[in-house]
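Trainee: I would like to learn how to read a protein model step by step, beginning with the terms themselves. Could you take me through one slowly?

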Amino acid sequence: MHLRFDPDEWRPTQGHSRLRANTGRLKPNSILVWDRQPYRLIEVRERDHADWPQNYRDAWVKHGMPDPATWSYRPRVVVIQLDDQPQSKPLHLLCPDSTYWYVLPEHYWVCRRCQEVPPCRHAHTEAVVERASERMEEEMAIQPGVCHGCREPISKRQKSFTFPGPNLIRPDLGDGSAIFHTRRSCYGSLDSYDKRWAAAEPGRERLLYCPHTLTEHNDGSSECSSPACLAEGREEGLVQHAMWVRHHPQLKAGQGCWCLAAAAA
């Protein structure tokens, strides 16, 4: 799996690792970055299912109530302490098990003025503002009928996806003008716009994401655990699913899968 980094996301300029607690590679005594400062990891421990906060319980129900002991979004308690203040009171953070952490080597540096791990807050903000200005110039150059991802014209023979409603990149182009190629090289831009489109209105759900499970049968057909998966503008082949299952008997392709065989019987 390749991680997609937001260019505006803060990350250390010095050498570091990016690890998750659920991989088992995040060890006690590691140096983690929290709020742009170095902290020493004391421990990572489970939180009893009966003691989960309501927002985690709601998310758990929404994801189909998977096994609480292995669910990747279950809350875990991460206990950390400022690295240069061993007598300070530890922080107890409640984070999803899949949270990524920036891990520094034993020899690291901080800004002598603000004591933050570089880039300092003001330097990072200036870089974000500069990139935003550059993106605005690029976006204002987009013409009608042009892919908003690669900025190339979309021919009649090319597959594309158009989002309904106002154009969130070029509002002046009118409703129904945000269009993207569906090819692999443009999918990252399409996916990013889908997230932005959903966040534009309260309660709006993404068009190209389904929080349910897609089952792919060995005969090439597929089905989602949600009957409404392909409704409301969703297109098969473009929709990402939270879970994906392939029903190949004993991992052997070319044979029927057990679920279809049982249905036929």
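Mentor: Let us begin with the word strand, which here means a DSSP run of at least two residues, with the runs numbered from the N terminus. Please keep in mind throughout that this is a predicted model. As a case, strand S11 covers residues 240–247, and His241 is found in that strand.

Trainee: Is His241 buried or exposed?

Mentor: The general idea is that a residue is called buried when its relative accessible area is under 20%. His241 has a relative accessibility of 18%, and therefore counts as buried.

Trainee: Which residues does His241 touch, if we leave out those up to four places away in sequence?

Mentor: With that exclusion, His241 touches Tyr209, Cys210, His212, Thr213, Leu214, Cys224 and Cys229.

Trainee: There are cysteines in that list, including Cys210 and Cys224. How many disulfides does a search of the whole structure find?

Mentor: The idea is to look for two cysteine sulfur atoms within 2.5 Å of each other. A search of the whole structure finds 0 disulfides. Cys147, for instance, is in no disulfide, and the nearest cysteine sulfur, which belongs to Cys150, is 3.8 Å away. Cys147 is buried, at 0% relative accessibility, whereas Cys150 is partly exposed, with a relative accessible area of 26%. For the sulfur of Cys150, the closest cysteine sulfur is in Cys186, at 3.8 Å, which is too far for a bond.

Trainee: How should I read the pairing of strands, and how many bridges join S2 to S3?

Mentor: Two strands are said to pair if DSSP finds at least two bridges between them. Strand S2, residues 31–34, is joined to S3 by 4 bridges, and the two run antiparallel. Within this pair, Leu32 stands opposite Tyr39 in S3. The hairpin of S2 and S3 has 2 residues between the strands, and in this hairpin Asp35 takes a positive phi near 55°. S3 is also joined to S4, by 7 bridges, and these strands too run antiparallel, with Arg40 standing opposite Gln81 in S4.

Trainee: How many salt bridges does the structure hold, and how do I read one of them?

Mentor: The idea is that a side-chain nitrogen of Lys or Arg lies within 4 Å of a carboxyl oxygen of Asp or Glu. The structure holds 20 salt bridges, and one of them joins the side chains of Glu46 and Arg74, at 3.0 Å from N to O. Glu46 lies in strand S3, residues 37–46, while Arg74 lies in the loop between helix H1 (54–62) and strand S4 (75–82), so the pair ties together parts that are 28 residues apart in sequence. Glu46 is partly exposed, at 40% relative accessible area, but Arg74 is buried, at 8%.

Trainee: What is the distance between the closest N and O atoms of Arg47 and Asp51?

Mentor: They are 3.1 Å apart, in a salt bridge. Arg47 is partly exposed, with a relative accessible area of 27%, and Asp51 is partly exposed as well, at 44%.

Trainee: And where does Asp97 lie in relation to Arg76?

Mentor: Their side chains meet in a salt bridge, 2.8 Å from N to O. Asp97 lies in the loop between strand S5 (91–96) and strand S6 (100–104), and Arg76 lies in strand S4, so this pair ties together parts that are 21 residues apart in sequence. Asp97 is buried, at 3% relative accessible area, and Arg76 also counts as buried, at 14%. Salt bridges that share partners join Glu46, Arg74, Arg76 and Asp97 into one network.

Note on methods: Residues are numbered from 1 along each chain as its sequence is written. This is a predicted model: local features need pLDDT of at least 70, side-chain atom pairs count only at pLDDT 80 or more; totals for chains, interfaces and linings use all residues. Side-chain values use heavy atoms; hydrogens and water are left out. Buried means under 20% relative accessible area, exposed over 50%, partly exposed in between (1.4 Å probe, protein chains only). Contact means heavy atoms within 4.5 Å.
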